[in-house]
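Please find below a colleague's note on the model under discussion. It is arranged as numbered points, to be read beside the sequence and the coordinates.

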Amino acid sequence: MKKIIIQVFMISIFLVLVPIPEYKELNHLILVNKIKIICTNNNINGTIFEIIPIKEDNGVKYKEKKYYAKGKSLEELKINLEKQTNNKFYYKSIKIIKTNCNRKEIEKTFHIKNP
């Protein structure tokens, strides 16, 4: 009996300490397919391409929407892009990165893993 009580106690402590991620509806996510970032002397210009699946009789068709912003740094660029909508960008679906900037910094800033 003591073993069961100890196990229940340990499981309840574990569940309290484990962080539960915030729930997000898929309708409130922007699926990012491509990202294009151009670095110049003074500014960084960025374009994010959202992929929008549209259900049809024969399957799914995809539509694209662009978000464009400028910034002095990659962090500022990301903030300016995300200000354009109330929804959250989902960067893990990125397949293409076009850039003349440091690719590692872009991957770090936008939390992208090996597109």
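The points below take up the basis of the model, its core, its strands, its salt bridges and its surface.

1. Basis of the note. This is a predicted model, in which local features need pLDDT of at least 70 and side-chain atom pairs count only at pLDDT 80 or more, while totals for chains, interfaces and linings use all residues. Residues are numbered from 1 along each chain as its sequence is written, and side-chain values use heavy atoms, with hydrogens and water left out.

2. The nonpolar core. The largest nonpolar core has 19 residues, and I37, I48, L77, Y91 and F110 touch the most other members. Two or more residues are given to this core by each of β1 (29-39), β2 (44-56), β3 (59-71) and α2 (74-82). Strand β1 supplies the largest share, four residues. A nonpolar core here is a set of buried Ala, Val, Leu, Ile, Met, Phe, Trp, Tyr and Cys residues joined through side-chain atoms within 4.5 Å. Buried means under 20% relative accessible area, exposed over 50%, and partly exposed in between (1.4 Å probe, protein chains only). Helices (H or I, at least four residues) and strands (E, at least two) are DSSP runs, numbered from the N terminus.

3. Contacts of I37. Not counting residues up to four places away in sequence, I37 touches I44, N45, G46, L74, L77, K98, T99, N100, C101, I106 and F110. Contact means heavy atoms within 4.5 Å. Two of these partners, L77 and F110, are named with I37 among the core residues that touch the most other members.

4. N33 in strand β1. Residue N33 lies in strand β1 and counts as buried because its relative accessibility is 16%. Leaving aside neighbours within four places in sequence, N33 is in contact with F49, I51, E64, S93, I94, K95 and I96.

5. Pairing of β2 and β3. These two strands run antiparallel and are joined by 13 bridges; strands pair if DSSP finds at least two bridges between them. A hairpin of two residues connects β2 to β3. K55 has V60, in β3, as its bridge partner.

6. G59 in strand β3. Residue G59 is found in strand β3 and is partly exposed, because its relative accessible area is 27%. G59 and L81 are 22 residues apart in sequence, and their C-alpha atoms are 31 Å apart in space.

7. Salt bridges. The structure holds two salt bridges, each defined as a side-chain nitrogen of Lys or Arg within 4 Å of a carboxyl oxygen of Asp or Glu. In one, K34 pairs with E64, with the closest N and O atoms 3.4 Å apart. This pair links distant parts of the chain, with K34 in strand β1 and E64 in strand β3, 30 residues apart. K34 counts as partly exposed because its relative accessibility is 23%, and E64 is likewise partly exposed at 41%. R103 and E107 also meet in a salt bridge (3.4 Å, N to O). Both R103 and E107 lie in helix α3 (residues 103-109), four residues apart, about one turn of the helix. R103 is partly exposed, with a relative accessible area of 35%, whereas E107 is buried, with a relative accessible area of 13%.

8. Nonpolar surface patch. I6, F9, M10, I13, V16 and L17 form a nonpolar patch on the surface, with about 650 Å² of accessible area together. Patches are made of residues with over 30% relative accessible area and no salt bridge; like charges are joined within 9 Å, and nonpolar side chains (Val, Leu, Ile, Met, Phe, Trp, Tyr) within 5 Å. Accessible areas come from the Shrake-Rupley method with a 1.4 Å probe, and for residues only the protein chains shown count as cover. L17 is placed in helix α1 (residues 2-17) and counts as exposed because its relative accessibility is 67%.
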